[in-house]
Number of protein chains: 2
Amino acid sequence: MKHTLSILVENKPGVLARVSGLFSRRGFNIDSLAVGITENPEISRMTIVVEGDDRILEQVTKQLNKLVDVIKVSDIKPESSIDRELALIKVEAGPKERSEVMQIADIFRARIIDVGTRTLVIEITGDVSKINAMTDLLRRFGIKEMVRTGKVSMLRGAKAVKEE
Amino acid sequence: MKHTLSILVENKPGVLARVSGLFSRRGFNIDSLAVGITENPEISRMTIVVEGDDRILEQVTKQLNKLVDVIKVSDIKPESSIDRELALIKVEAGPKERSEVMQIADIFRARIIDVGTRTLVIEITGDVSKINAMTDLLRRFGIKEMVRTGKVSMLRGAKAVKEE
C-alpha cells in the first residue's frame with residue numbers, strides 16, 4: 001500500500017541524508033519526495049510517498065521519530081487530505097499543432113508558460129491521475145521533457161500537521 | 001551563490017540517500033529538493049537547490065557523475081530557465097474574512113481548493129518571490145499551515161536535460 005508521510009524536520013545539513021538512509025536500509029523505494037520551507041525558516045517539511053509493508057513502515061516511522069532533527073511524522077490518509085503535484089511538460093508543437101495543444105491545456109486548467117518555435121511548456125497542478133491523463137493526451141505530439149515535483153498533501157479542514 | 005541542479009537518476013532504492021549524503025558530507029545544506037517521475041518509469045528526476053562555494057559544488061557535481069545510478073547532472077542557469085514551485089497554504093478565514101482572502105488569491109491567480117468553517121486552503125504556483133509575496137499578504141489572517149514542493153526548473157525553448 002502507498003503511504004504519504006509528512007515529516008517536519010530541523011533545517012540542517014545531513015537531515016535529508018539521514019531520513020532517506022533510514023528508508024533505503026529497509027529496502028523502501030521512495031516514489032516521490034518534496035522538501036520545502038515552512039512558515040518557520042528553521043523548519044522544513046518533507047512529503048514522502050513510499051510503497052511497502054505496513055508493519056515495516058510503522059517501524060521506520062518509530063525510528064524516524066527517534067532522529068534528533070525530526071520534529072514530527074504524520075501518515076496522511078488519502079480520504080482526509082488534499083493532494084497536489086506540479087508538473088512542467090515540454091511538448092513538441094509547432095504553429096500547426098499549437099492551438100490543439102492549447103485546447104487540451106485549457107480543458108485541464110493548465111497554463112502555457114513558455115512558447116518556442118517548435119515547443120510549448122505547460123504547467124499543470126492536480127492529483128497524480130489528472131497529470132497522467134493530460135500527459136497521455138499529449139504523448140502523440142511528442143513529450144520532450146517532463147519535470148514533476150512529487151506530491152504534497154494537506155489535511156482538509158482546520159487540522160494541521162504542526163510542530164506543537 | 002544559489003545553484004539549481006537537475007539530476008536524472010535510476011529509480012532505485014538508495015539513490016536518494018547516496019545523492020543527499022554527498023551534499024551533507026561537504027556541509028552543503030539543501031534548500032529544496034523535488035523528486036518526481038519522468039516519462040520513463042525507470043528514471044526519476046531530482047531538482048536540488050543548494051547554496052555554497054562554486055568550486056566545491058563543482059567537485060560535488062563531478063562526484064555525482066561518478067555514482068552508478070546517476071545518469072546526468074545539469075546546473076540550470078536562472079537566465080535561461082523557467083522556475084516554478086507549488087505551495088498549499090491553509091489560511092484562518094471565517095465567513096467574514098473569506099471574501100478578502102479570495103480576492104488576494106484571485107490577484108495571484110491562485111486557487112481555493114478547500115473551504116472549512118474557519119479555514120481556506122489556497123493552491124499557488126509561481127516562482128519563489130511570487131509565493132512569498134502572497135504569503136506575506138495572508139499572514140495577518142493567520143497561516144495555519146504551509147506545504148511547499150521545492151522548486152522545479154526547465155530550460156526555455158526546445159532544449160532539454162535528457163538521458164541521451
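The model is predicted. The area buried between chain B and chain A is about 5400 Å², and eight salt bridges are counted between the two chains. Over all chains the salt bridges number 28 and the aromatic pairs two.

**Interface of chains A and B**

- The size of an interface is often given as the accessible area lost when the parts come together.
- Here that area is about 5400 Å², with carbon and sulfur atoms giving 56% of it.
- Chain B brings 60 residues to the contact, and chain A brings 60 residues.
- Of the area that chain B buries against chain A, 12% comes from Glu39(B), Arg111(B) and Met154(B), which is more than any other three residues supply.
- Across the interface, 31 residue pairs are in polar contact, both residues being at pLDDT 80 or more.
- On the side of chain B that touches chain A, the elements giving two or more residues are helix H1 (15-25) and strands S2 (30-37), S3 (43-51), S5, S6, S7, S8 (143-148) and S9 (152-155) of chain B.
- A salt bridge joins Arg84(A) to Glu123(B), with 2.7 Å between the closest N and O atoms.

**Arg111 in both chains**

- Arg111(A) belongs to strand S6 of chain A, residues 111-115.
- Leaving aside residues up to four places away in sequence, Arg111(A) touches Val121(A), Ile122(A) and Glu123(A), and also Arg109(B), Arg111(B) and Thr125(B).
- A polar atom of the Arg111(A) side chain lies 2.6 Å from the backbone oxygen of Arg109(B).
- Arg111(B) forms a salt bridge with Glu123(B), the closest N and O atoms being 3.6 Å apart.
- Arg111(B) lies in strand S6 of chain B and Glu123(B) in strand S7 of chain B, so this pair ties together parts that are twelve residues apart in sequence.
- Both Arg111(B) and Glu123(B) are buried.

- In chain A, Asp69(A) forms a salt bridge with Arg18(A), and the closest N and O atoms are 2.5 Å apart.
- That pair links distant parts of the chain, 51 residues apart: Asp69(A) sits in the loop between helix H2 (54-66) and strand S4 (70-76) of chain A, and Arg18(A) in helix H1 (residues 15-25) of chain A.
- Asp69(A) is buried, with a relative accessible area of 8%, whereas Arg18(A) is partly exposed at 38%.
- A network of salt bridges links Lys12(A), Arg18(A) and Asp69(A).
- In chain B, the side chains of Asp69(B) and Lys12(B) meet in a salt bridge at 3.6 Å, N to O.
- Asp69(B) is in the loop between helix H2 (54-66) and strand S4 (70-76) of chain B, and Lys12(B) is in the loop between strand S1 (2-10) and H1 of chain B, so the pair ties together parts that are 57 residues apart in sequence.
- Asp69(B) counts as buried because its relative accessibility is 9%, under the 20% cut-off.
- Lys12(B) is partly exposed, with a relative accessible area of 42%.

**Aromatic pairs**

- The structure holds two aromatic pairs over all chains.
- Phe23(A) and Phe28(A) form an edge-to-face pair, 6.2 Å centre to centre, with 80 degrees between the planes.
- Phe23(A) and Phe28(A) are both buried.
- Phe23(B) and Phe28(B) also form an edge-to-face pair, with 6.2 Å from centre to centre and 80 degrees between the planes.
- Phe23(B) counts as buried at 0% relative accessibility, and Phe28(B) counts as buried at 5%.

**Helix H3 of chain B**

- The buried residues of helix H3 (residues 95-107) of chain B are Val101(B), Ile104(B) and Ala105(B).
- These residues are on the same side of H3(B) because they cover an arc of only 100 degrees around the axis.
- The buried residues of H3(B) pack against strands S5 (81-92), S6 (111-115) and S7 (119-126) and helix H4 (128-138) of chain B.
- On the face turned away from the buried side, H3(B) carries the exposed residues Pro95(B), Ser99(B), Gln103(B), Asp106(B) and Ile107(B).
- Arg109(B) follows H3(B) and has a positive phi, near 55 degrees.

Note on methods:
Residues numbered from 1 in each chain as written. Chains lettered and ligands numbered in written order. Predicted model: local features only at pLDDT ≥ 70, side-chain atom pairs only at ≥ 80, totals over all residues. Heavy atoms only, no water. Buried < 20%, exposed > 50% of the residue type's maximum accessible area, 1.4 Å probe, protein only. Helix = DSSP H or I, 4+ residues; strand = E, 2+ residues; numbered from the N terminus. Arc of directions from axis to C-beta. Contact = heavy atoms within 4.5 Å. Phe/Tyr/Trp six-rings, centres within 6.5 Å; stacked < 30°, edge-to-face > 60°. Buried area = accessible area lost by both parts, 1.4 Å probe. Salt bridge = Lys/Arg side-chain N within 4 Å of Asp/Glu carboxyl O. Polar contact = N/O pair within 3.5 Å; in protein donor to acceptor, adjacent residues only side chain to side chain.
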